[in-house]
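Here is my note for you, in numbered points. Have the model open beside it as you read.

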Amino acid sequence: ITASIPGTVKPGCEHLPPQDYTRYEKPTNAAEDDLLYTVCRKQLHTCRANACCESGSCNQGFPMSVHPDRKATQEGTQLRWAYHRPNEDSANVVPYHPGVAVMWG
């Protein structure tokens with residue numbers, strides 16, 4: 001199911017960069033406080049035994065390993081891709097689009 005919902009940017013969020021890309025790390029720029037709040041509230045994966053950790057490890061691959069390179073690469077023989085995750089603090093961040101996250105916020 002796909003939904004097309006018109007949205008507007010909340011007042012005061014015009015300072016966010018207009019980049020059209022997905023992010024995999026927590027925002028660190030002081031100007032992105034609204035985005036950081038939304039990411040910490042809605043975009044952090046929490047493993048639960050009855051959901052994704054039935055076999056003892058997360059079937060979604062969390063926590064992800066640190067990947068300082070900004071270029072995505074495929075991890076070994078797995079079908080998963082490694083995306084930019086600059087530090088351990090970003091290991092459980094679920095990918096998000098900054099503009100959508102702020103509107104959703």
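1. First, a term: a residue counts as buried when its relative accessible area is under 20%, as exposed when it is over 50%, and as partly exposed in between. Glutamate 25 is buried by that cut-off, because its relative accessible area is 12%. Please keep in mind that this is a predicted model.

2. Now the overall layout. The protein chain has two helices and two strands, and from the N terminus on they follow the order α-β-β-α. Of its 105 residues, 28% count as buried. The chain exposes about 7,400 Å², and carbon and sulfur atoms supply 53% of that area. Among contacts between residues at least 6 apart in sequence, 52% join residues at least 24 apart.

3. Back to glutamate 25, which sits in the segment before H1. What does glutamate 25 touch, leaving aside its neighbours within four places in sequence? Its contacts are Arg70, His84, Pro86, Ser90, Val93 and Tyr96. Two of these names, Val93 and Tyr96, come back in the largest nonpolar core.

4. The next residue to look at is lysine 26. How many salt bridges does the structure hold? There is one, and it is formed by aspartate 89 with lysine 26, their closest N and O atoms being 3.3 Å apart. Aspartate 89 lies in the loop between strand S2 (81-82) and helix H2 (98-104), and lysine 26 in the segment before helix H1 (33-42), so the pair ties together parts that are 63 residues apart in sequence.

5. Are the two partners buried or exposed, or partly exposed? Lysine 26 is buried, at a relative accessible area of 19%. Aspartate 89 is partly exposed, with a value of 47%.

6. An α-helix has 3.6 residues a turn, so residues three or four places apart point the same way.

7. Which residues make up the largest one? It has six in all: Leu35, Val39, Val93, Tyr96, Ala101 and Val102. H1 and H2 each supply at least two residues of this core. Another core, of five residues, lies apart from it, and Cys53, Cys58, Phe62 and Met64 are among its members.

8. Leaving aside its neighbours within four places in sequence, leucine 35 is in contact with Arg23, Pro27, Tyr96, Pro98, Ala101 and Val102.

9. Leucine 44 is found in the loop between H1 and S1. It is partly exposed, at a relative accessible area of 30%. Leucine 44 and valine 94 are 50 residues apart in sequence, with their C-alpha atoms 5.7 Å apart in space. Beyond its neighbours within four places in sequence, leucine 44 contacts Lys26, Val39, Asn92, Val93 and Val94. Lys26 in that list is the lysine of the salt bridge, and Val39 and Val93 belong to the largest nonpolar core.

10. Cysteine 58 is buried, with a relative accessible area of 12%, whereas cysteine 40 is partly exposed, at 37%.

11. Last, a look at serine 57, in the loop between H1 and strand S1 (73-74). Serine 57 is partly exposed, with a relative accessible area of 45%.

Note on methods
Residues are numbered from 1 along each chain as its sequence is written. This is a predicted model: local features need pLDDT of at least 70, side-chain atom pairs count only at pLDDT 80 or more; totals for chains, interfaces and linings use all residues. Side-chain values use heavy atoms; hydrogens and water are left out. A salt bridge is a side-chain nitrogen of Lys or Arg within 4 Å of a carboxyl oxygen of Asp or Glu. Helices (H or I, at least four residues) and strands (E, at least two) are DSSP runs, numbered from the N terminus. Buried means under 20% relative accessible area, exposed over 50%, partly exposed in between (1.4 Å probe, protein chains only). Contact means heavy atoms within 4.5 Å. A nonpolar core is a set of buried Ala, Val, Leu, Ile, Met, Phe, Trp, Tyr and Cys residues joined through side-chain atoms within 4.5 Å. Accessible areas come from the Shrake-Rupley method with a 1.4 Å probe; for residues, only the protein chains shown count as cover.
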